[in-house]
Amino acid sequence: GLSRLRVFLEQRVFGCYRRNAAKKIPLLQDEHATSTKRLDECERELDALSMDRLKASADQFCHEFCAELREAIQGSIIAPPALFGE
């Protein structure tokens, strides 16, 4: 009884799997192609990087960050006149 039920259910599950696999394979192939394309783009981008370009980019970021920080704190510090004069 139970062994035949188990075999029957396993066959049903396997049949459902095979029917749905045909629908899933094209989706998986499309996703694989997209992922491969993205990976190739990333590898090209990494190959194009050079130490000079990275240094220039880091220097530019630091300069922009310091400029923004300078603008943010400009005039925001109030010194007590009793301590430091006017």
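Biologist: Which residues gather in a patch of positive charge on the surface?

Modeller: This is a predicted model, in which local features need pLDDT of at least 70 and side-chain atom pairs count only at pLDDT 80 or more, while totals for chains, interfaces and linings use all residues. Residues are numbered from 1 along each chain as its sequence is written, and side-chain values use heavy atoms, with hydrogens and water left out. A patch joins like charges within 9 Å, or nonpolar side chains (Val, Leu, Ile, Met, Phe, Trp, Tyr) within 5 Å, among residues with over 30% relative accessible area and no salt bridge. Lys and Arg count as positive, Asp and Glu as negative, and His and the chain ends are not counted; each charge is placed at NZ of Lys, CZ of Arg, CG of Asp or CD of Glu. Here the positive patch is made up of Arg 12, Arg 19, Lys 23 and Lys 24. Lys 24 belongs to helix 1 and is partly exposed, at 48% relative accessibility (buried is under 20%, exposed over 50%, partly exposed in between, with a 1.4 Å probe and protein chains only).

Biologist: Which residues form the patch of negative charge?

Modeller: Asp 40, Glu 41, Glu 43, Glu 45 and Asp 47 come together there on the surface. Asp 47 sits in helix 1, which covers residues 2-48, and it is exposed, with a relative accessible area of 67%.

Biologist: Which residues form a nonpolar patch?

Modeller: Leu 2, Leu 5, Phe 8 and Leu 9 do, with about 430 Å² of accessible area together (areas follow the Shrake-Rupley method with a 1.4 Å probe, and for residues only the protein chains shown count as cover). Phe 8, in helix 1, is partly exposed at 44% relative accessibility.

Biologist: How many salt bridges are there?

Modeller: Side chains of opposite charge can pair when their charged atoms come close. The rule asks for a side-chain nitrogen of Lys or Arg within 4 Å of a carboxyl oxygen of Asp or Glu, and the count is one. Arg 6 pairs with Glu 10, their closest N and O atoms lying 3.0 Å apart. The two are about one helical turn apart, because four residues separate Arg 6 and Glu 10 in helix 1. Arg 6 is exposed at 57%, whereas Glu 10 is partly exposed at 43%.

Biologist: How many disulfides are there?

Modeller: A pair of cysteine sulfur atoms within 2.5 Å would count, and the total is zero. Cys 16 is partly exposed at 31% relative accessibility, and Cys 42 is partly exposed at 43%.

Biologist: How many helices and strands does the protein have?

Modeller: There are three helices and zero strands, in the order α-α-α from the N terminus; both are DSSP runs numbered from that end, helices (H or I) of at least four residues and strands (E) of at least two. Of the 86 residues, 2% are buried. The accessible surface comes to about 8,600 Å², with 61% belonging to carbon and sulfur atoms.
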